[in-house]
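Let us learn to read a structure with two chains, one feature at a time.

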Amino acid sequence: MVDVSLNSGRAFYAGLLEALIQVMGTAKDYLFDHGPSVGHLSRQIATELGLTERSKAELMFAAVLGDVGMIGLAEDAWENPVAELDPETRARV
Amino acid sequence: MHPLRSETAVLAIPHLGGVALLVCYHHEWWDGSGYPDGLSGHEIPIGARVLRLADTVAALGENRPNRPARSAEEIREVVVDGYAVEFGPDVTDAYLGLADRRRIADYYAPTFYRGLMSAAEELLPPEISPLSGDQLLEILSALIDAKDPYTAGHSRRVAILSVATAHRMGLDDDMLRTVWAAAYLHDLGKLSVPLRVLAKNGPLTEDDLHAVQLHASVGVSILESIPSVRHLSPGSRYHHAGTGAATLRGSGATTSRCSRSCSR
C-alpha cells in the first residue's frame with residue numbers, strides 16, 4: 001500500500017491520483033465501473049500472458065485513465081457508438 | 001481523437017509515462033485498421049492490445065443507453081472474430097483460455113481499488129517531490145476547466161487569488177499550502193455535472209439546478225474518502241456557502257472563505 005505518513009509528498013501525490021480516478025467514475029453513471037472492470041480483466045489476461053508486475057500496474061492505470069480525454073467532449077460522444085455520431089463529433093472522439 | 005487527448009493528459013502526469021503509451025495505442029488493431037497511428041501486429045505494445053480486448057469485452061457486457069448487455073456466447077464470438085483482426089493471437093488465446101476454464105474472477109470494486117493502490121506503489125518512485133503534486137493539481141484543474149468552456153483557467157486564477165488573500169490575512173505556510181491546493185480543486189465535483197447543464201443556453205430547470213448545487217458535495221465526498229487529501233475538503237464543500245448549496249461551519253471556514261470570495 002501507499003505510504004500512509006500523510007505529510008509526505010508521495011502520500012499527497014497518491015491521494016490526488018486517487019481523487020482523479022474517483023472523479024472519472026462520477027463523470028457518467030453507466031461508465032462508473034467501466035474503467036475499473038477493464039483494469040480488472042486486463043490484469044488477469046496479463047497474468048495469463050506472464051507479463052511483469054510493472055506491466056500489470058501500468059495496464060490497470062491505463063484502464064482507469066484511458067478515457068480521461070473524453071472529458072469535455074460532447075456528451076453524445078459518451079452515449080452513442082462511434083459510427084452513429086455526426087462526422088464532426090466523430091473526428092473529435 | 002480521444003486516445004491522443006487522453007495520452008496528452010496522462011503524459012502530463014508525472015511518473016506515468018508507460019501508462020500514457022498504452023492509453024495512446026488502446027484503439028490500434030492487429031490488422032492495422034485502428035487509430036490513431038494505424039500500427040499493426042507486434043508494432044502495437046502487447047499491453048495496449050490487452051486493453052483493447054478487455055475494453056471490448058467489458059463494454060459488450062454492460063447495458064448502455066442505446067443497447068442491452070450481450071450474452072457470454074455473443075461476447076465470445078466477437079472475441080474469436082477479432083483473433084487476427086483486432087487483438088492478435090497471443091492476447092486472444094490468453095483471454096479465451098481463461099474464459100473457457102472459467103478462471104475469470106468477478107469484478108469487485110473494493111478489491112480492485114486496493115489492487116490499484118498497490119499498483120501505484122509499483123509505479124511511483126520512493127521519493128516524490130512536492131512539485132509532482134503541484135503538477136497533478138494543475139492537470140486536475142485543467143480537466144475540471146475542460147468540462148466547462150466558459151471557465152477555462154478559472155481554478156488556477158482562484159488558487160492565485162486565494163493564496164494572495166490568505167497571505168494578506170497572515171496565515172502560516174501550512175495553511176497557505178492547504179488554501180492553494182483546495183482552491184485548485186474547489187470545483188472538482190463539477191466533473192460530475194452533465195455537460196448539457198453546464199453548457200446550456202437558456203434558463204436551468206429545477207433538476208439542472210440540483211445537479212449544479214450537488215457539485216460541491218460530490219467533490220467533497222471524494223476528497224473526504226482519501227486520508228492524504230482529506231484536509232482539502234472543507235474548501236471544496238463550502239465554497240458556495242451562503243448561496244444555498246451548503247452550510248458554512250467548522251474549521252474549514254477560513255480556507256473556504258478564501259476560495260469563495262475569489263471564485264465569484
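Q: Which residues of α2(A) and α3(B) meet?
A: His34(A), Ser37(A), Val38(A), Leu41(A), Ser42(A), Ile45(A), Ala46(A) and Leu49(A) in α2(A) meet Ile46(B), Val50(B), Leu51(B), Leu53(B), Ala54(B), Asp55(B), Val57(B), Ala58(B) and Ala59(B) in α3(B). Two residues are in contact if their C-beta atoms, placed from the backbone, lie within 7 Å. Helices (H or I, at least four residues) and strands (E, at least two) are DSSP runs, numbered from the N terminus. By class, the contact of α2(A) with α3(B) has 13 nonpolar, three polar and one charged residues. Ala, Val, Leu, Ile, Met, Phe, Trp, Tyr, Cys and Pro count as nonpolar, Asp, Glu, Lys and Arg as charged, and the others, Gly among them, as polar.

Q: What should I know about the model and its numbering?
A: This is a predicted model: local features need pLDDT of at least 70, side-chain atom pairs count only at pLDDT 80 or more, and totals for chains, interfaces and linings use all residues. Residues are numbered from 1 along each chain as its sequence is written, while chains are lettered from A and ligands numbered from 1 in the order in which they are written.

Q: At what angle do α2(A) and α3(B) pack?
A: Two packed helices are described by the angle between their axes and the distance between the axes. Axes are lines fitted to C-alpha atoms, for helices over the stretch in contact, and angles run from 0 to 180 degrees between N-to-C directions. Here the angle is about 130 degrees, and the axes of α2(A) and α3(B) are 8 Å apart. α2(A) and α3(B) are therefore oblique to each other. Angles under 35 degrees count as roughly parallel, over 145 as roughly antiparallel, 65 to 115 as roughly perpendicular and the rest as oblique.

Q: Which helix of chain B packs with α3 (residues 46-60) of chain B?
A: Helix α6 (residues 89-100) of chain B does, at an angle of about 50 degrees, with axes 9 Å apart. α3(B) and α6(B) are therefore oblique to each other. Ile46(B), Arg49(B), Val50(B) and Leu53(B) in α3(B) meet Asp90(B), Val91(B), Thr92(B) and Tyr95(B) in α6(B). That contact has five nonpolar, one polar and two charged residues.

Q: How many residues of chain A are in contact with chain B?
A: There are 59, in contact with 73 residues of chain B. α1(A) gives the largest share of the side of chain A that touches chain B, 15 residues. The residues of that side divide into 34 nonpolar, 15 polar and 10 charged.

Q: How many helices and strands are there in chain A?
A: Chain A has five helices and zero strands. Buried residues make up 49% of its 93 residues. A residue is buried if 20 or more other C-beta atoms lie within 10 Å of its own, exposed if 12 or fewer, and partly exposed in between; C-beta atoms are placed from the backbone.

Q: Is Arg102(B) buried or exposed?
A: With 6 C-beta neighbours inside 10 Å, Arg102(B) counts as exposed. Arg102(B) has a positive phi of about 55 degrees although it is not a glycine.

Q: What pLDDT does chain B average?
A: pLDDT is the predictor's confidence in each residue, from 0 to 100. Chain B averages 83, and 86% of the residues score at least 70. Over residues 242-253 of chain B the pLDDT is below 50. Where pLDDT is low, the predicted coordinates should not be read in detail.
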